[in-house]
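Good morning, colleagues. I would ask you to keep the sequence and the model in view while I go through this complex.

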Amino acid sequence: LGSKYIGADMVFAYPGAEIVSVAPKTAAGIIFRKEMQKAVDPQKEEKRLVSEYYDKFVNPYNAASWQHIDDIIEPKDTRRVIVSSLEMLKGKKVLRPWKKHGNIPL
Amino acid sequence: LQNKIANLRVIKEKLTRGGDPKATEKLLQKGQLSARKRLSLLLDPRSFVEFDMHVTHHCNNFGMEKKEIPCDAVVTGYGKINNRLVFVYSQDYSVMGGTFGEMHGNKICKVLDKALENRAPVIGINNSGGLRLQEILGGMKLFGELFYRNTLLSGVVPQISLVLGSVAGGQAYSPGLTDFILMTKNSNMYIAGPAFVKAQLGIDASESELGSAEMHSTVSGVADFVAENEIDIMHQTRVLFDFLPSCNKEGAPVFYCSDDPSHDVPELEEIIPDNSYSPFNMFDLLIRVVDNGELFIIKENYAQNIITAFARFNGQPVGIVANQPLVMGGVINYRAAEKAARFVRFCDAFNLPVITFQDSPAYMIGPHEESNAIITRGAKLLHSYAEATVP
């Protein structure tokens with residue numbers, strides 16, 4: 001819901017945030033299926049691969065590298081960045097194509 | 001230059017072959033046609049023009065840099081249906097399960113952008129395992145972009161989704177944002193498949209329990225229409241398309257009407273019961289008043305106490321909402337209210353007159369309905385009618 005690409009103007013994350021589409025264990029199970037099948041000790045291999053996946057991708061720095069978030073902030077700055085964002089966005093105007101109304105799923 | 005032309009032909013031929021021939025053959029055995037075959041059945045002959053065939057993915061994770069994904073697993077472009085422009089995409093399940101990566105998403109978003117600029121409808125042929133996990137966040141950005149566009153286009157140009165084979169994960173939410181979802185009998189759609197559900201919830205659920213066409217057309221109400229097979233669904237989509245305008249500033253195309261517009265319907269004196277408490281089949285009435293008795297019924301097997309359908313009067317397409325006294329006496333419960341409200345709002349957004357045939361005792365009452373918010377969910381129907389400015 002907080003995706004910039006469906007309309008969030010500013011997105012901030014704490015340093016401990018996990019930003020992924022599916023749980024690391026589930027994702028690793030799909031991406032590394034072949035490696036796990038080949039491994040001598042599949043459980044140990046799974047643990048290693050999940051942890052590698054986790055370290056590499058499940059952190060806000062990866063999301064920030066994609067511009068998915070605007071900044072990684074310290075929790076103490078939360079109030080300040082909200083106030084500052086609102087002030088910056090005061091003049092926000094968005095042009096949309098003309099429609100009577102959308103067709104929201106009911 | 002002759003060499004270069006010959007080379008181009010080789011490249012194009014290779015890209016249009018799609019994925020592994022064995023995978024394609026296996027899908028065919030299950031009645032699932034190739035992405036390009038589907039488009040050729042949907043569109044007027046030789047009308048399809050392709051975009052972005054040469055697109056390649058940019059993923060360097062997990063050995064992906066060595067992997068070739070023809071067309072990035074989706075065929076996109078435009079074509080015509082009964083000579084009217086339509087923008088299309090068709091996901092290729094034979095290539096990496098039709099998964100949604102960064103460039104795959106970019107290709108689909110471009111289709112929607114062109115449709116908006118040119119005010120023409122979009123038809124998406126969905127068949128995808130969902131997000132391409134190897135790309136980590138690449139596809140995720142594009143899902144956001146796609147959902148944004150689906151919403152932006154909503155009420156501006158009609159958007160139709162076909163669900164063929166399996167459609168999973170984020171890919172299911174794009175159809176969820178469009179105007180109509182058509183499924184084949186053997187297709188499945190869910191936001192998480194059996195393996196995910198087992199891993200996260202510890203529940204055993206089969207693919208069909210989670211998302212069969214049967215379930216979505218009778219229980220969830222997600223599917224608007226169920227077709228017998230992939231050939232039938234393309235035909236039915238063309239029939240539906242002919243009822244719709246190309247955008248919200250146009251009317252739907254008016255066809256020549258072979259049915260005398262002013263003939264009497266004397267049989268109705270027999271069909272309509274004298275006693276207001278006796279039920280009758282509303283379809284007996286509807287097929288006798290619309291052009292040639294032809295109805296395109298939306299959500300036929302969901303909330304059957306209310307009928308929603310497209311039809312024509314003297315060649316002019318209209319939306320029909322009718323209570324069905326045969327089912328629960330035609331009472332309006334929260335499901336019927338939401339089904340009809342959404343239909344009326346679509347008609348209003350796209351200039352289709354709404355004809356209502358009313359024979360209902362009232363809204364459904366009782367603790368079940370009240371605790372399911374019949375007040376606010378029932379109010380959606382009131383709101384949709386009051387909001388509508390079409391005839």
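Let me begin with a question: does B:Glu387 count as buried, partly exposed or exposed? At 26% relative accessibility, B:Glu387 counts as partly exposed; here buried means under 20% relative accessible area, exposed over 50%, and partly exposed in between, with a 1.4 Å probe and protein chains only.

Before going further, the conventions. This is a predicted model, in which local features need pLDDT of at least 70 and side-chain atom pairs count only at pLDDT 80 or more, while totals for chains, interfaces and linings use all residues. Residues are numbered from 1 along each chain as its sequence is written, chains are lettered from A and ligands numbered from 1 in the order in which they are written, and side-chain values use heavy atoms, with hydrogens and water left out.

On confidence, pLDDT is the predictor's confidence in each residue, from 0 to 100. Chain B averages a pLDDT of 93, and 100% of the residues score at least 70. Among the elements of chain B, the lowest mean pLDDT, 84, belongs to H7(B), and the highest, 98, to strand E9, residues 296-298. Helices (H or I, at least four residues) and strands (E, at least two) are DSSP runs, numbered from the N terminus. For the complex, the predictor gives an ipTM of 0.86 and a pTM of 0.93.

I turn to the interface. In contact, meaning heavy atoms within 4.5 Å, are 41 residues of chain B and 31 residues of chain A. The size of an interface is often given as the accessible area lost when the parts come together. Chain B and chain A bury about 3300 Å² between them, 65% of it on carbon and sulfur atoms; buried area is the accessible area, with a 1.4 Å probe, that two parts lose on being put together, summed over both. Of the area that chain B buries against chain A, B:Leu133, B:Leu137 and B:Arg345 supply 19%, more than any other three residues.

Between the two chains, 15 residue pairs are in polar contact, both residues being at pLDDT 80 or more. A polar contact is a pair of N or O atoms within 3.5 Å; within protein, one must be able to donate a hydrogen and the other to accept it, and residues adjacent in sequence count only if both atoms are side-chain atoms. On the side of chain B that touches chain A, at least two residues each come from helices H4 (102-117), H5 (138-153), H7 (194-201), H13 (334-349) and H15 (374-387). The largest share, nine residues, comes from H5(B).

How many salt bridges does the rule find across the interface of chain B and chain A? It finds one, where a salt bridge is a side-chain nitrogen of Lys or Arg within 4 Å of a carboxyl oxygen of Asp or Glu. The side chains that meet in it are those of A:Lys100 and B:Asp348, at 2.9 Å, N to O.

Over all chains, the whole structure holds 24 salt bridges. In one of them, the side chains of A:Lys4 and A:Asp70 meet at 2.5 Å, N to O. A:Lys4 lies in the segment before strand E1 (12-13) of chain A and A:Asp70 in the loop between helix H4 (60-65) and strand E2 (71-72) of chain A, so the pair ties together parts that are 66 residues apart in sequence. A:Asp70 is partly exposed, with a relative accessible area of 35%.

A:Lys92 forms another salt bridge, with A:Asp9, the closest N and O atoms being 2.9 Å apart. This pair links distant parts of the chain, 83 residues apart: A:Lys92 is in the segment after helix H5 (78-88) of chain A, and A:Asp9 in the segment before E1 of chain A.

That brings us back to B:Glu387, which forms a salt bridge with B:Arg345, the closest N and O atoms being 3.0 Å apart. B:Arg345 is in helix H13 of chain B and B:Glu387 in helix H15 of chain B, 42 residues apart. B:Arg345 is buried, with a relative accessible area of 12%.

Finally, B:Asp72 is found in the loop between strand E1 (49-51) and strand E2 (74-81) of chain B, and at 0% relative accessibility it counts as buried. A polar atom of the B:Asp72 side chain lies 2.7 Å from the backbone nitrogen of B:His104.
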